[in-house]
Amino acid sequence: MSRRFALVTGALALSLLTTGCVAGTSTNGPAAADDQPFEGEVEFWTINLKKNYSDYIDGLIADYQKQHPKVTIKWVDVPGQESATKLLAAVASGDVPDVVNVNSVELGRFVPSLTPLDELLKTEDLADFQPNLVEPLRTDGKLYAVPWYNGGAPVAMYRKSVVSKAGFDEAAPPKSYDEALELGDKVYKETKVYGSNIIPDHNVLRYYGISLLSADKKKAEFNTPQAVEILEKFKKSYKSGIAPGAISKDIRNLPQSLENEQVAFKPTANAAELLNIQKNAPDVYKDLVITEPVQMNTGNYLLLAQQAFSIPKASKHKKAAAEFLKYVANGANQLAFCKIVPIYPSTISSTKDAFFTQAESGDAMGAARQVIVKGLAKLEYRPIGTSKDAELGEYLSEEVRAFLSGTKSAKEALDTAEKQWNDALAS
């Protein structure tokens with residue numbers, strides 16, 4: 001795994017949301033420093049950043065301390081697998097971080113121990129953030145986190161030399177999964193190259209407008225006649241428009257892929273995948289056309305998680321923490337981070353830079369950045385919304401695999417997954 005790619009692996013196959021920054025345990029400074037705007041120690045924990053990104057973090061801290069000489073930022077780097085455990089322990093002990101980077105998926109469980117940021121930030125402090133990324137971080141009208149970075153809007157990737165034989169028009173790519181299935185079937189008919197590797201998992205169902213859970217998140221709601229119809233549509237394309245290896249559990253190493261030239265396109269993908277393609281299959285990389293991806297039934301794109309900053313209630317330096325939070329997450333600093341790792345900003349000003357708005361001819365990654373920043377305003381943050389999201393997603397995917405392989409009917413697969421979800425939610 002390359003250094004630039006180290007930050008972007010995770011639960012969404014190539015999601016970047018398994019790592020982030022976590023602030024550390026605040027120390028007991030002089031009483032006079034408590035809650036002063038620019039005094040005291042703000043201990044800042046990060047997750048797995050020191051090895052590859054120490055220059056960036058050290059630079060941020062050095063510049064900030066020059067601007068605020070009465071503030072000391074102490075940086076501590078912790079292993080990713082320990083971040084949530086350490087935060088839970090800190091909250092339980094009362095010896096909490098001053099600023100904490102929270103994966104938005106985990107935000108709900110920590111809200112009772114967090115400070116509403118409306119008490120510390122002014123309206124103008126939030127003006128540069130994408131509104132659609134800020135609003136999901138509110139609970140009962142109160143803001144408990146400020147967005148930092150995310151995996152970006154998805155993109156679509158097409159092998160031009162293959163899809164052109166099926167009449168593909170890059171100016172009018174598929175806008176829905178139905179259109180993507182149709183294109184995949186045409187590609188296979190004309191070229192005998194499989195269309196794509198998509199299967200109707202819980203994310204795809206949401207693109208069709210299927211609700212996964214009841215409002216109270218206690219019962220599964222996806223087992224509907226419409227969901228059966230969707231699964232049947234995909235079954236018709238399986239082993240032609242959809243590659244047979246799409247049902248593999250090893251989603252990072254599928255038997256047929258863009259890299260090994262056995263798949264023609266991906267209708268929705270994380271742009272970080274381009275790094276591996278560029279490294280492992282340079283000829284494929286040069287052949288790629290990057291376009292807007294398929295859309296949800298709302299016309300938008302699904303965002304499963306984002307990294308955000310919060311301030312615990314028990315912090316003794318909330319004002320200093322708020323100032324540092326604003327600094328780390330401002331547009332200029334987000335842009336600088338995006339230039340060294342394939343992540344995407346939550347700040348509007350960052351997207352105006354030539355890094356995102358311009359691309360050399362034939363540069364797939366540059367083209368992807370343009371598509372992504374155009375789509376940031378269309379992101380809808382929609383995690384499943386439980387503490388068992390990954391487990392639930394795999395239950396449904398496993399049943400979809402059984403259906404596509406022919407061992408279960410669509411209804412049997414959905415019935416089994418529904419029971420598994422309800423049992424897991426009840427435990």
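Predicted model: local features only at pLDDT ≥ 70, side-chain atom pairs only at ≥ 80, totals over all residues.
**Entry 1: the overall count.** I searched the whole structure for aromatic pairs and got 19 of them. I picked out a couple to look at in detail.

**Entry 2: Y177 and F234.** I started with this pair, whose ring centres sit 6.4 Å apart. The planes make an angle of 50°, and the pair goes down as tilted. Then I checked where the two residues are in the chain. Y177 belongs to helix α6, residues 177-191, while F234 is in helix α8, residues 225-237. They are 57 residues apart, and I noted the pair as a link between distant parts of the chain. Buried or exposed?

**Entry 3: Y344 and F356.** Here I found 6.1 Å between the ring centres. The planes are at 45°, so I wrote this pair down as tilted. Y344 is in strand β12 (residues 344-345) and F356 in helix α13 (residues 354-357). F356 comes out at 1%, so I have it as buried.

**Entry 4: charges over rings.** I turned to charged side chains next. K50 has its charged end over the ring of W75, 3.8 Å from the ring's centre. I also found R369 over the face of F355, with 4.0 Å to the ring centre.

Note on methods. Residues numbered from 1 in each chain as written. Heavy atoms only, no water. Phe/Tyr/Trp six-rings, centres within 6.5 Å; stacked < 30°, edge-to-face > 60°. Helix = DSSP H or I, 4+ residues; strand = E, 2+ residues; numbered from the N terminus. Buried < 20%, exposed > 50% of the residue type's maximum accessible area, 1.4 Å probe, protein only. Lys NZ or Arg CZ within 6 Å of the ring centre and 35° of its normal.
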